[in-house]
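Welcome! Here is a short tour for anyone meeting this structure for the first time.

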Amino acid sequence: MATIERALSAEVQRRQVQLAQLPAAMAPYLWELFGDGAASIPPECRILDMKYEPGEYCRILYQLGGRLIIGSFRWGADEGDLPENARLVEPLGMRAFLFQHDPALPGLATVLD
């Protein structure tokens with residue numbers, strides 16, 4: 001039974017990552033969360049970087065117009081390394097936040113100032 005559950009979980013994770021790798025599909029979701037009430041048509045979305053460890057995590061850096069957004073999946077572990085203002089992309093179960101709020105870059109705000 002556990003083998004079947006792991007296989008189903010792996011399949012769900014694979015589908016999540018496949019959809020997250022489609023910038024045209026992700027643009028409306030990200031724009032809804034980070035568009036700040038701007039025009040209803042999202043700007044061009046591109047993937048700039050991606051780190052993926054199957055069964056563990058996936059982090060994707062998107063460029064959505066002039067914004068940099070990180071999308072994060074964490075499977076089987078607590079997502080404690082996300083900023084408090086991370087938002088949920090519900091259809092995917094992905095957490096997303098602006099690049100400058102990445103807790104892995106604590107000095108970025110200082111540098112940008």
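The notes below go from the overall layout to the nonpolar cores. This is a predicted model, where local features need pLDDT of at least 70, side-chain atom pairs count only at pLDDT 80 or more, and totals for chains, interfaces and linings use all residues. Residues are numbered from 1 along each chain as its sequence is written, and side-chain values use heavy atoms, with hydrogens and water left out.

**Layout**
- The protein chain has three helices and five strands (DSSP runs numbered from the N terminus: helices are H or I, at least four residues; strands are E, at least two).
- Along the sequence, these elements follow the pattern α-α-β-β-β-β-β-α.

**Surface and contacts**
- The chain exposes about 7,100 Å², and carbon and sulfur atoms supply 54% of it (Shrake-Rupley method, 1.4 Å probe).
- Of the 113 residues, 31% are buried (under 20% relative accessible area, 1.4 Å probe, protein chains only).
- Among contacts (heavy atoms within 4.5 Å) with a separation of 6 or more, 38% join residues 24 or more positions apart.

**Nonpolar cores**
- A nonpolar core is a set of buried Ala, Val, Leu, Ile, Met, Phe, Trp, Tyr and Cys residues joined through side-chain atoms within 4.5 Å.
- The largest one has 21 residues, and Leu30, Tyr62, Val89 and Met94 touch the most other members.
- α1 (2–20), α2 (23–34), β2 (57–64), β3 (67–74) and β5 (94–98) each supply at least two residues of this core, with the largest share, six residues, coming from α2.
- Another core, of five residues, lies apart from it and includes Leu61, Leu82, Ala86 and Phe97.

Conventions:
Buried means under 20% relative accessible area, exposed over 50%, partly exposed in between (1.4 Å probe, protein chains only).
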